[in-house]
Amino acid sequence: MGRPSRQLVTREAIMRTALALVDEEGADALSTTRIAARLGVKGPALYNHVSGRAEIIDGIRDLIVAEMELAPGIRPWTAALDSWARSYRAAFAAHPRVVPLLVGRPVRSVAALQAYAEAFAVLREAGWPEERLLPIVRCVEYYLIGSALDLAAPDDVLPPGAEPPPGLEPLLNPPPDLRELAFEAGLAALTRGFEDTLAGLRGRTGA
């Protein structure tokens with residue numbers, strides 16, 4: 001039998017299959033064996049293209065970042081932060097089950113590192129001191145990761161048959177758009193806080 005006329009497995013196919021697998025079955029389902037089965041090949045065939053599960057997770061991060069609309073030309077910096085935050089959340093809203101795979105893992109994705117560089121450039125141009133750049137970006141990321149995790153959280157807060165303590169009405173009867181209200185409130189509070197901080201820094205330096 002002759003060799004296939006086209007390559008059956010590519011790095012991109014592996015990453016997209018991995019993302020689809022996690023979307024459908026959750027983070028625990030991710031394995032080279034499961035990916036290979038979906039591609040119709042044996043597990044070892046994947047190692048011609050990837051080194052293992054860790055590289056696949058980095059590739060999944062690249063796919064998520066590619067879905068974000070990170071426009072580096074947006075100004076002022078508060079508008080850039082707002083746009084970045086909304087784009088970040090929208091990308092993870094489409095893939096909430098991916099979040100546990102990425103939390104706590106070092107960022108080695110070139111696309112993600114480029115997004116960091118662009119965020120730092122916008123903040124630097126706005127007058128933020130160098131030592132504040134990473135804390136600000138990480139602060140926003142922490143907030144967005146929590147928001148993304150909540151997108152996949154169940155709405156039920158009590159075990160079946162449990163009697164709720166008094167005063168729990170806001171939790172038991174949340175508004176239908178709770179997640180959006182919470183996201184908007186948090187993002188507005190972060191932005192105002194950063195604006196006040198920058199104003200204070202400029203006041204101390206006379207800028």
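**Close-up 1. Serine 147 and the residues it touches.** Leaving aside residues up to four places away in sequence, serine 147 touches Arg89 and Phe183 in this predicted model. Look for serine 147 within helix 7. Is serine 147 buried or exposed? Its relative accessibility is 13%, so serine 147 counts as buried, the cut-off being under 20%.

**Close-up 2. The largest cavity and its lining.** Helix 7, which spans 130–151, returns here: together with helix 4 (77–93) and helix 6 (110–125), each supplies at least two residues of the lining of the largest cavity. The count of cavities of 30 Å³ or more comes to 1. How much space lies in the largest cavity? The answer is about 250 Å³. By residue type, the lining of the largest cavity divides into 15 nonpolar, 1 polar and 3 charged.

**Close-up 3. Helix 1 crossing helix 3.** Here the axes of helix 1 (residues 11–25) and helix 3 (residues 53–67) come within 9 Å, crossing at roughly 85°. Helix 1 is therefore roughly perpendicular to helix 3, a term that covers angles of 65 to 115 degrees. On the helix 1 side, the contact is made by Arg11, Ile14, Met15, Arg16, Ala18, Leu19 and Val22. Helix 3 brings Glu55, Ile56, Gly59, Ile60, Leu63 and Ile64 to the contact. Sorted by type, the residues of this contact comprise 9 nonpolar, 1 polar and 3 charged.

Conventions
Residues numbered from 1 in each chain as written. Predicted model: local features only at pLDDT ≥ 70, side-chain atom pairs only at ≥ 80, totals over all residues. Heavy atoms only, no water. Axes fitted to C-alpha atoms, helices over the stretch in contact; angles between N-to-C directions. Helix = DSSP H or I, 4+ residues; strand = E, 2+ residues; numbered from the N terminus. Parallel < 35°, antiparallel > 145°, perpendicular 65-115°, else oblique. Contact = heavy atoms within 4.5 Å. Nonpolar A, V, L, I, M, F, W, Y, C, P; charged D, E, K, R; others polar. 1 Å grid on protein atoms, 1.4 Å probe; cavity = no way out; pocket = protein on both sides within 12 Å on 5 of 7 lines; lining within 4 Å. Points joined across faces, edges and corners; volume = space filled by probe spheres on them. Buried < 20%, exposed > 50% of the residue type's maximum accessible area, 1.4 Å probe, protein only.
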